[in-house]
Amino acid sequence: MYKRFFIFILSILLLSSAYAQKIENLVELKKNSHNEIFHYLAPALCAPVYEEPDYWVWGSSVVKGDDGMYHLYVSRFPKTLPFHPGWMVASEIVHAVSKSITGPYRFSDIALPARGAEYWDGRSTHNPRILRYGGKYFLIYMGSTHPFVEPTYNELTLDSPWCTVARSNKRIGLAVSDSPYGPWKRFDEPLLTTKPGTFYSYLISNPSPVIEEDGSVTILFKGRAYRENGKYSDMSLGIAHAPNIYGPYTVLNGGQPIFQVDGQGEAEDPFLWKDKRGYHVIFKDHVAKYTGERGGGALAHSTDGSHWMIDADPKAYSRTVEWEDGTVEMQGQLERPFIYFEEGKPCCIFFATMDGPGGFENASRSWNMVIPFRK
């Protein structure tokens, strides 16, 4: 009996020691980092920025309105479908409001609902990026469609017709409004679409735009190419430019990707911004090439948008999160980073996240979270 009690106490002490070491490692890692993002991350707020019990919610984007309120645009889709690929066939972009940049945000309205299979974005709107320029609000997003009746939970698989068609129909589009509350004018054609013989011949997605000083727009995007036997390539990131937000958009870098698995490494979920030094991007290090962590965040820089250098200390964030209550936890997923800037300085970074040991199929809930920057 005493032996069992001793083993029990020893186990607790070992777990406590490992837990303390985990906290110390994360804190020390940030403290010793020379990365301009990771080094300045404060503990994450425990309260979700946005969550709905009956929905999966994913990536968000925020803008401040003339009403002094903060307006968040976020993807949601019903839990009556599996998370992946439910977002491809049933996502909608909703609008939520808060007095504080860090939330919590309350639901206001559906900004971009389903509008019919005949539209290029008729069945799914996802990955919102909100911009404000010239007295108007611009939502740049991914859209998709399919011609089938709504699937059931068990019918919707990665190999199902719904997923196959919706995946190949992913495009990037624009909606415009005079108010953050809408109504939103949507267009019958996407801003960016696929092109045969390119790295984006199969699909185009995950937009991250910046409006330049002259009103032109530079946008990062994800593409996949067609392969033989109905397959598609690994993810690549490309960059495009237009004289104004309405287009037309021209893919830069000689029509070649700026990040690809066979070259710089497979990257996903870019967030692009620009300052007096040039362009910067953080992205999900999908194959752990730069950060040593699958799903960790990497930072890169460019003077022209086409030629990129990975930061000397590349880790910009980790799936392991230090919370404000002192706990440390590895998130099941940590994606869609979005940095909110105030007066040109980073204020906080938003993420889409979920519980579980990792893998979309192992989660029971998802929400949007925020990590402030230390001043």
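Predicted model: local features only at pLDDT ≥ 70, side-chain atom pairs only at ≥ 80, totals over all residues.
E293 and K315 form a salt bridge, with their closest N and O atoms 2.6 Å apart. The pair links distant parts of the chain. E293 sits in the loop between β15 and β16 (296–302). K315 belongs to strand β17 (residues 308–317).

How many salt bridges does a search of the whole structure find? The search finds 18. One of them joins the side chains of E335 and K284, at 2.6 Å from N to O. E335 lies in strand β20 (residues 333–342) and K284 in strand β15, so this pair ties together parts that are 51 residues apart in sequence. E335 is buried, and K284 is buried too. E335 and K284 also belong to a network of salt bridges, together with K222 and E268.

R277 and E36 make another salt bridge through their side chains, at 2.9 Å from N to O. This pair links distant parts of the chain, 241 residues apart. R277 is in the loop between β14 (267–275) and β15 (278–285). E36 is in the loop between α1 (2–32) and β1 (55–64). Are these two residues buried or partly exposed? R277 has 48% relative accessibility, so it counts as partly exposed. E36 has a relative accessible area of 27%, so E36 is partly exposed as well.

## Two helices that pack

Two packed helices are described by the angle between their axes and the distance between the axes. Here, helix α2 (residues 83–90) packs with helix α3 (residues 161–168). Their angle is about 60 degrees, and their axes are 9 Å apart. The two helices α2 and α3 are therefore oblique to each other. Their crossing is left-handed.

Which residues make the contact? From α2 come P85, M88 and V89. From α3 come W162, C163, A166 and R167. Six of the contact residues are nonpolar, none is polar and one is charged.

An α-helix has 3.6 residues a turn, so residues three or four places apart point the same way.

## How the helices are covered

Helix α2 is mostly covered, with seven of its eight residues buried. Those buried residues are F83, P85, G86, W87, M88, V89 and A90. The α2 contact residues P85, M88 and V89 are in that buried set.

In α3, the buried residues are W162, C163, A166, R167 and S168. What covers them? The cover includes α2, along with β6 (136–144), β7 (171–177) and β9 (203–211).

## An exposed proline

P183 is in the loop between β7 and β8 (185–186). Its relative accessibility is 74%, so P183 counts as exposed. Which residues does P183 contact, leaving aside its neighbours within four places in sequence? The answer is V176 and S177. P183 and A111 are 72 residues apart along the chain, and their C-alpha atoms are separated by 7.6 Å.

Key:
Residues numbered from 1 in each chain as written. Heavy atoms only, no water. Axes fitted to C-alpha atoms, helices over the stretch in contact; angles between N-to-C directions. Helix = DSSP H or I, 4+ residues; strand = E, 2+ residues; numbered from the N terminus. Parallel < 35°, antiparallel > 145°, perpendicular 65-115°, else oblique. Left-handed = near helix turned anticlockwise from the far one by under 90°. Contact = heavy atoms within 4.5 Å. Nonpolar A, V, L, I, M, F, W, Y, C, P; charged D, E, K, R; others polar. Buried < 20%, exposed > 50% of the residue type's maximum accessible area, 1.4 Å probe, protein only. Salt bridge = Lys/Arg side-chain N within 4 Å of Asp/Glu carboxyl O.
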